Amino acid sequence: RMSRWKQTYLVATVCRILMTREEGIVPSKRDALAWGRDQLPGRWRPLIERAMADRPDPWGRVHEAADDTLIDETLAFVRWASASEAPVTQAGPMAD
């Protein structure tokens, strides 16, 4: 369904989009993941930390299938992030 590279890339990209929207800057993937880990609701922390750990050697994972559970959680993260234009940080209304 999805490669390990794509799964990690999606999580990093969503964090970049959210950080750009919240902070008004376009961060690196690494900075965005750290921001997401620290600022987004705790539900997403394990997913973001996994993406942070998977970033080294991305091309080694292009042809490896991602874990189905991680795919489902990544897609839930994408749906959550795109559900509202309200603030998404822990202090915002989407923090649950």
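User: Nice, thanks. What share of the 96 residues is buried?
Analyst: Buried residues make up 36% of the 96, where buried means under 20% relative accessible area, exposed over 50% and partly exposed in between, with a 1.4 Å probe and protein chains only. This is a predicted model, in which local features need pLDDT of at least 70 and side-chain atom pairs count only at pLDDT 80 or more, while totals for chains, interfaces and linings use all residues. Residues are numbered from 1 along each chain as its sequence is written, and side-chain values use heavy atoms, leaving out hydrogens and water.

User: How many helices and strands does the protein have?
Analyst: There are 4 helices and 0 strands; these are DSSP runs numbered from the N terminus, helices being H or I with at least four residues and strands E with at least two.

User: Which element has the lowest mean pLDDT?
Analyst: That's α4, at 92, whereas helix α2 (residues 29-39) has the highest, 96. pLDDT is the predictor's confidence in each residue, from 0 to 100. Over the protein the average is 86, and 86% of the residues score at least 70.

User: And where does pLDDT stay under 50?
Analyst: Over residues 92-96. Where pLDDT is low, the predicted coordinates should not be read in detail.

User: Switching to packing: at what angle do α3 and α4 cross?
Analyst: The axes of α3 (residues 45-54) and α4 (residues 68-82) cross at roughly 115° and come within 10 Å. Axes are lines fitted to C-alpha atoms, for helices over the stretch in contact, and angles run from 0 to 180 degrees between N-to-C directions. So α3 is roughly perpendicular to α4, a label covering 65 to 115 degrees (under 35 is roughly parallel, over 145 roughly antiparallel, the rest oblique).

User: Which residues make that contact?
Analyst: From α3 they are Leu47, Ile48 and Arg50, and from α4 Leu70, Glu73, Thr74 and Phe77. Contact means heavy atoms within 4.5 Å.

User: Now threonine 8: buried or exposed?
Analyst: Threonine 8 is buried, because its relative accessibility is 5%. Threonine 8 sits in helix α1 (residues 4-23) and touches Ala51, Asp54 and Arg55, not counting residues up to four places away in sequence.

User: Last one: where is proline 27, and what is it in contact with?
Analyst: Proline 27 lies in the loop between α1 and α2. Leaving aside neighbours within four places in sequence, proline 27 contacts Arg16, Met19, Thr20 and Ala32. Proline 27 is buried too, with a relative accessible area of 6%.
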